[in-house]
Amino acid sequence: MSEIDSLITRAKAASDKSGLSISTVSRKLFNDGKAIARLEAGGQCTLKTLETARARLAELEAGEFSAAGTAPASPIPAANDEAPSLTPSAMTHLDRLEAESIHIMREVAAEAENPVMLYSVGKDSAVMLHLAMKAFYPSTPPFPVMHIDTTWKFREMIKFRDETAAKLGLDLIVHINREGVEQGVGPFTHGSQLHTDIMKTQALKQALDKYKFDAAFGGARRDEEKSRAKERVFSFRSREHRWDPKNQRPELWNIYNTRIATGESIRVFPLSNWTELDIWQYIYRENIPIVPLYFAAERPVVERDGALIMVDDDRMPLDGATPKQEMVRFRTLGCYPLTGAVRSNATTLPEIIQEMLLATTSERQGRVIDHDQAASMEKKKQEGYF
Amino acid sequence: MSVATLKPSDDVIEYLAAHEKKSMLRFITCGSVDDGKSTLIGRLLYDSKLLYDDQISALESDTKKHGTQGEKIDFALLVDGLAAEREQGITIDVAYRFFSTEKRKFIVADTPGHEQYTRNMATGASTADVAVILVDARRGVLTQTRRHSYIVSLLGIRHIVVAINKMDLVDYSESTFDKIEADYRVFAKDLGFETITCIPMSALEGVNITKQSSETPWYQGSALLPYLETIKVRGALAEKPFRLPVQWVNRPNLDFRGFSGTVASGTIRPGDEIVVLPSAKRSIVKSIVTHDGELTEAHPDMAVTLTLEDEIDISRGDVICAGKAPAEQTDQFAAHLLWMNEEALYPGRQYLLKTANRMIPATVTELKHKINVNTLEHMSGKTLELNEVGFCNFNLAQPIAFDCYKDNRRTGAFILIDRRTNATIGAGMIDFSLRRAKNVHWQDLDVNKNARSSAKHQKPCVLWFTGLSGSGKSTVANLVEKRLHDMGRHTYTLDGDNVRHGLNKDLGFTDADRVENIRRVGEAARLMADAGLIVLVSFISPFQSERRMARELLEDGEFIEVYISTPLEVCEQRDVKGLYARARRGEIKNFTGIDSDYEAPENAEIDLNTAEVSAEVAANRIVEYLESKGYLEG
C-alpha cells in the first residue's frame, strides 16, 4: 500500500468515526475539500504536502476526532482552516454560477407543490444533480429524478443512470412511451423527427401529466442555441405544454415569480448562465462522475450522412456495411442512432477540455435533430420539446 | 494564455487552474437599433474567439439573407435570437450572452432600447454591475441616452461606460468626442453614478474594443474589454449588515435543523449573534453548513445553510439579520415602481408583492407622481401605464423586513404579481418606510362587534350582489331586506346608484375610479358589519380583484357573494333605465358588458339567474341560505 493510499484509508476512518464528511476532513488536512477525492482518483501531491497532511491527521485522530459519539455538527475549531476559494474577492465565476443554481433549486423546492428533476444522464444532468445534492445537503433533494427513456439510449447510459441513482439514494422514475414502443417507433424506421417527437416530446408530456408535476428542472443552457438565449430561468408552459416566447414573465434580480394556474407547469433551468466550458471545468473541479462515453475508446462505428454512428446494439440496420473499430468519443449524448461520435484520443478530463478549447464545431452540431429545419429549436420548444 | 494560442502540447492543467480563478462580471448594453449595440456584442464574442466555425458559416449565410453590412459579416445577426426578431431586424427581448477572457467570465444582457421596451431594459439592469450605454457619435446625447441612463440608475447600477460609437463616421474627431462627453457628464451629474467612463469606439471596425487603437491616438483611456476586465464592482454588499432571507428550512432528521438561503449582504461567522425578523427572536450561529464542509465565514452571494445554538421557530420568508443591525420592518412604505403590464396599475387594487423570499398581498394607496423617463420631470397621474415609472405609497397585509434599495439591492427590491393572471406586472425599489405604520394602532374598544351583533340576535355579514346592469340586483336585494326587516333583523343596503350621489360623487367611470368606488364601498360595508348589521351591497362590481379585496376586508364567512347571473341579452332587452340603448349609441363610455368587461365570479356563494327564477324566489333562496348557515341566530 502506497503512502497516499494509507493516508486515504486513515482519513476515511476518521471521517466515519467523527461523522464529518470526507470533504471536511480533506479541507482540514489539505486546505482543499477535493484533495482526498483527487488523490483517490489517482492524483499526486508533493512529499511536503503529504507530510503536513499526515501531521494534521495525527492531531485530529488524537484530539477531537477520537471523541466518538460527540455531535458531528459542532463547530470545528477554525485555526488555520481557511477556505481560500470562498472569500468574497476570490469567489470565482464557478462559485457564483454554483450559488445561483442552488438559489434557483431551493426556490422551486420551497414553492412548487410537486417538482421533479429531469435527468438525461448527460454531462449537464450530472452537474445539475451534483448541484441538487449540494443545495439541500445534508438532506437529499426533496424531489424525484425522472429519465425519459426513448429505449434507444446508449446501453452505457442506462447502466450509469441506475448506478448513480443507487449510489446517491435518489428516487428515480423512468418513463417510456409505451404506445410508441407498441407501434415500434424508432429512428431507423420512422426518421429522427418523428421518433424524437413520439418517444421524447410526447413521452415527456405523458409523464408530466401522469405524475402531475408542476415544476420540472431541465439542464438546458442559454449558450447552446439562439432561441434559448432568451428563455427565462423559470419558463412557463400552458396546460397543453406549449411555450409562448412572446409572453414570458420578466425576471428581475433573483426574485422568481413561481405562480401558476392549475394544470399549468414550469420548466426551470438552473444552468441557464453556464457555458459548455463552465460545465467541463466544474466537472473537473468537483470530480463529478460522467458516463464513460464522453471519454475516447475503441468503439464500433459506421459512417452515415457524414456522421460517425456507434453500433450499440443489433437493432441498427447495417445495409452491408461493416462496423469499424475506431478511437471515438461523444460530445453530447442522446439516442445512439442520432448521436454522432467524434474521432478522438482524449481519455482524461483535461484532454477532453483541451479538445473542446481547440474545437471548431459547436456542441449541438453532433445532434442530428437540430438540423431538420431552420429555426427548428424554437418551433420544437413551442410544441413542448424541453 | 488564450484559447487561440493553446497548442495540444501545452499544459492544459495549468490553463484550467488559471481559468478556475476567474471572477465574473455582469453588464448590460443599452442603445437603440441604430447605435450598433448588437454589432458590439457580436464583435466582443468574435474578438474573444468564442465563435465556432459552424457558427461563423451560419452567420455568413444569414448575412447573405438578412444582412445590412454588404459583404462584411453582420455581427448583429449573431445575437438577435428569435426568428421574428431576425426578420424584423430589431431586438425585442432580453438576450443573455456569455464570453470570457483569461481574467473574467462575462454575462451580457442585451436589451432593446425603444421606450416600449423599458421593462426589458430594467430586467437586464436588475442583475448587472455595469452598464454600457451606446451613443452614436454623429448624433450625440439624445433623449434615448437620457432614458437609458435614468433606468440603469433607477435599478441601482453605479458604473457607466458611455460607448461613443461609430467614430469612424466622424473621422475619429477628438472634438466631437469631447463635446459628447461634456454633455453627458452635465446631464448625468444627479444620477448617482460612482464612475462614468467615456470611450471612443467603432464596433464595426473593432476600434478600442479589445485594445487601444491607433485611430484615436488622442485617447489615453482604456479600451472597452480591458476596462471590463479590471473594473472593481463588488465589495459594497460585504460592508453592509448581515442579511439572509430564509428560502428553505433544511430538516433531514430530528437532530438537524438548518436555514438555507443566499447571503444578501454582510458577513457571518459561527459565534455571531443574529436576530430573526419578524419574530425578533435572537440566537447565536452554530455552524455554516455546506456540502463541501463547514465554513468559517460566509459572504454575499454564497448559498449556505446556517444552524443556530437555540431551537427557535424560523420559516421561509423570515430574514436572519446581524444581531446589532437588524433590518427595518414596515407594512407601509414609499417606493419607485416600474409598471410592466398592458393593463394599467390602479391604486386601491390588490396585488401580490414578492420580495426575495416572501409573498404578501399589497395595494398602492397613493400614486404620488409619475416620472417622465425621457426628461426626468415629475408629473401627476391617477394610474401607471406599461413602461411608466411612478413614486408610490404601498400598504401591505403584513409587515416585511427590508432595507432601502439604494443601500441594499437584495433586500430592497420586490416584484408585483397579478392575482388573476399570475403575470409579473411591476418591479419596485423601496425608498423609505412611512412612519405612520409604526404609530397608528387599531383602538381596542370594549364594546366590540360580538357585543353589538348579539344584541341584534344575528351574525353580521355582507351580501355582495354582483351582476350586469339590469340583471335584477337591486330588485332582489330590496326584497331580501324587506323579508329580513319583517323578521326583526337589522339591515342596511348600499346601492351603487345611491352611493354615487354622495360618498362617491367625485368618482367617474374609468377603470381607476371603479376600483376606488368599490374600495370605499367595501370599507363602508366593513364598518357596518362591525356595527353588527347585515349589509346588502348592490353593485355591478365587474372586476374579480376588487370583489376579492372587499372579501378580504371582512372576517372569514362574513362575505357572501351573490352572483345575479342574468345573461347580457336579457339585461339589454329589459333595459329598465334605457342605458344599454345609450351605450350602444356611444353616448355612454365604459359601460359594463358593452365596452367594458364583466369578470364573472368563479366561486360565488349564491348564483341566481333572474331570467329563470322570479325575483321573489331568488330573495327566498337568499334568506334560506342565511337561515341554514346560522346568520339569523345569536
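Q: In this predicted model, at what angle do helix α13 and helix α19 of chain B pack?
A: Helix α13 spans residues 473–486 of chain B, and helix α19 spans residues 615–628 of chain B. Their axes lie 9 Å apart. The angle between the two helices is about 50°.

Q: Are α13(B) and α19(B) roughly parallel or oblique to each other?
A: Angles under 35 degrees count as roughly parallel. The packing angle here is about 50°. The two helices, α13(B) and α19(B), are therefore oblique.

Q: How many residues in the contact of α13(B) with α19(B) are nonpolar?
A: α13(B) passes α19(B) in a right-handed crossing. From α13(B), the contact includes Val476(B), Leu479(B) and Val480(B), and from α19(B) it includes Ala619(B), Ile622(B) and Leu626(B). Alongside two polar and two charged residues, the number of nonpolar ones is 10.

Q: How many charged residues does the contact of α15(B) with α16(B) have?
A: The crossing of α15(B) past α16(B) is right-handed. Arg519(B), Glu523(B) and Arg526(B) are among the α15(B) residues in the contact, and on α16(B) they meet Glu546(B), Met549(B) and Leu553(B). By class there are four nonpolar residues and one polar residue, while the charged ones number four.

Q: Which handedness does the crossing of α6(B) and α7(B) have?
A: The axes of helix α6 (residues 118–126) and helix α7 (residues 143–154) of chain B come within 9 Å and cross at roughly 45°. That angle makes α6(B) oblique to α7(B). The crossing is right-handed.

Q: How many residues of the contact of α6(B) with α7(B) are charged?
A: α6(B) contributes Thr118(B), Met121(B), Ala122(B) and Ala125(B), and α7(B) contributes Arg147(B), His148(B), Ile151(B) and Val152(B). Five of these residues are nonpolar and two are polar. The number that are charged is one.

Q: Which strands stand at the edges of the six-strand sheet of chain B?
A: This open sheet has the order β2-β3-β1-β4-β5-β6, and its pairing is mixed. An edge strand has a single partner, so one side of it is left without a neighbour in the sheet. The edge strands are β2 (95–100) and β6 (195–200) of chain B.

Q: What is the average twist from one strand to the next in that sheet?
A: The strand order is β2-β3-β1-β4-β5-β6 in chain B. From one strand to the next, the twist averages 25°.

Q: At what angle does α6(B) run to β1(B)?
A: α6(B) lies across β1, β2 and β3 of chain B. Its angle to β1(B) is about 165°.

Q: Which strands stand at the edges of the seven-strand sheet of chain B?
A: This sheet is open, with the order β7-β13-β10-β11-β12-β9-β8 and antiparallel pairing. The edge strands each have a single partner, so one side of each is left without a neighbour in the sheet. They are β7 (243–245) and β8 (248–253) of chain B.

Q: What is the bridge partner of Ile274(B) in β13(B)?
A: Strand β10 (residues 273–277) and strand β13 (residues 319–322) of chain B run antiparallel and are joined by four bridges. The partner of Ile274(B) is Ala322(B).

Q: Which helix of chain A lies across β8, β9 and β12 of chain B?
A: The helix in question covers residues 93–111 of chain A. It runs at about 60° to β12(B). The helix is α5 of chain A.

Q: What is the mean pLDDT of chain A?
A: In chain A, 82% of the residues reach 70 or more. Over residues 64–89 of chain A the pLDDT is below 50, and this stretch has 46 contacts in the model beyond near neighbours in sequence. The mean for chain A is 82.

Definitions and conventions: Residues numbered from 1 in each chain as written. Chains lettered and ligands numbered in written order. Predicted model: local features only at pLDDT ≥ 70, side-chain atom pairs only at ≥ 80, totals over all residues. Heavy atoms only, no water. Pairing = 2+ DSSP bridges. Contact = heavy atoms within 4.5 Å. Axes fitted to C-alpha atoms, helices over the stretch in contact; angles between N-to-C directions. Parallel < 35°, antiparallel > 145°, perpendicular 65-115°, else oblique. Left-handed = near helix turned anticlockwise from the far one by under 90°. Nonpolar A, V, L, I, M, F, W, Y, C, P; charged D, E, K, R; others polar. pLDDT = per-residue confidence, 0-100.
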